[in-house]
Amino acid sequence: NASPIADMTAMLLALGASLDLEGAGANRTIPLEEFFLSYKKTALAPGERIARIVLPAGPVLFNFEKSAKRARLDIATVNTALAVTMAADGTVARARWSAGGIAPVPLRLPDLEALLTGRKPSAALAREAGSLAMASGAPIGDVRGSAGYRRRLMERLAWAHFIRLWPALKLDEELMP
């Protein structure tokens, strides 16, 4: 239904998914981030259908975070996913970060991706990412939370990515004392 807060969409965006579309006239492939045009409007042409979801191969560290009133079967207030490839020296070689619930469509967050690339995970980097995440998108307020609440969630979920992806760093002790 092209929901801007669908859990799977955030995951697939972070993982670099593309869609193989089949239609009466021709077949085409489109990156998932180009599929969502506006609120619940997609790039599907009349008569087209999604034939396949294609994920690139390769090892990645992946984490998905969601904030909702209930843990399961609930519409998210905000969700976010992060997929990273690490270099041999411990720096982030590549990052793909996505979020839902902060715009009319699910978003990739290229500013956050650029912030991580070439850097080693640390509490200081997590705080920078949290601040940048708070400024991402243009969240609105609704029954699930105000725009300010969603921004704060983006910060905390950014920290959660660092805590879960790099547990050996024990960042939870530094970020959430």
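1. Basis of the comments. This is a predicted model, in which local features need pLDDT of at least 70 and side-chain atom pairs count only at pLDDT 80 or more, while totals for chains, interfaces and linings use all residues. Residues are numbered from 1 along each chain as its sequence is written, and side-chain values use heavy atoms, with hydrogens and water left out.

2. The α3/α4 pair. Helix α3 (residues 123-134) packs on helix α4 (residues 147-165) at an angle of about 150 degrees, and their axes are 7 Å apart. Helices (H or I, at least four residues) and strands (E, at least two) are DSSP runs, numbered from the N terminus; axes are lines fitted to C-alpha atoms, for helices over the stretch in contact, with angles from 0 to 180 degrees between N-to-C directions. The two helices, α3 and α4, are therefore roughly antiparallel to each other, a term that applies to angles over 145 degrees. The crossing of α3 over α4 is right-handed, that is, the near helix is turned clockwise from the far one by less than a right angle.

3. Residues at that contact. On the α3 side the contact involves Leu125, Ala126, Arg127, Ala129, Gly130, Ala133 and Met134, and these meet Arg151, Arg152, Met154, Glu155, Ala158, Trp159 and Phe162 of α4, where contact means heavy atoms within 4.5 Å. By class, nine residues of the contact between α3 and α4 are nonpolar, one is polar and four are charged; here Ala, Val, Leu, Ile, Met, Phe, Trp, Tyr, Cys and Pro count as nonpolar, Asp, Glu, Lys and Arg as charged, and the others, Gly among them, as polar.

4. The nonpolar cores. The largest nonpolar core has 28 residues, of which Val84, Trp97, Leu116 and Phe162 touch the most other members. At least two residues of this core come from each of β7 (78-86), β8 (92-100), α2 (110-116), α3, α4 and α5 (171-175), and α4 gives the most, with eight residues. A nonpolar core is a set of buried Ala, Val, Leu, Ile, Met, Phe, Trp, Tyr and Cys residues joined through side-chain atoms within 4.5 Å, and buried means under 20% relative accessible area, exposed over 50%, and partly exposed in between (1.4 Å probe, protein chains only). Leaving out residues up to four places away in sequence, Leu116 touches Leu82, Val84, Val92, Ala95, Trp97, Leu125 and Phe162. A second, separate core has 12 residues, including Ala17, Leu19, Leu21 and Ile30.

5. Helix α1. Because six of the eight residues of α1 (residues 7-14) are buried, this helix is largely enclosed by the rest of the structure. The buried residues in α1 are Thr9, Ala10, Met11, Leu12, Leu13 and Ala14, and they pack against β3 (36-38), β5 (49-54), β6 (61-67), β7, β8 and β9 (107-108). After α1 comes Gly16, with a positive phi near 80 degrees.

6. Which backbone values deserve a look in Lys40 and Lys170? Phi of Lys40 is positive, near 55 degrees, and that of Lys170 is also positive, near 50 degrees. Lys40 lies in the loop between β3 and β4 (41-42) and counts as partly exposed, at 41% relative accessibility. Lys170 lies in the loop between α4 and α5 and likewise counts as partly exposed, at 48% relative accessibility.7. Ala76, in the loop between β6 and β7, counts as buried at 1% relative accessibility, and, neighbours within four places in sequence aside, Ala76 is in contact with Ile5, Asp7, Lys66, Ser67, Ala68 and Arg144. Asn63, in strand β6, is buried with a relative accessible area of 9%; not counting residues up to four places away in sequence, Asn63 touches Thr80, Ala81, Leu82, Ala160, His161, Arg164 and Leu165.

7. Glu174. This residue is found in helix α5, and Glu174 is partly exposed, with a relative accessible area of 48%. Residues up to four places away in sequence not being counted, Glu174 touches Ala123 and Arg127. The C-alpha atoms of Glu174 and Thr9 are 165 residues apart along the chain and are separated by 31 Å.

Technical notes:
Angles under 35 degrees count as roughly parallel, over 145 as roughly antiparallel, 65 to 115 as roughly perpendicular and the rest as oblique.
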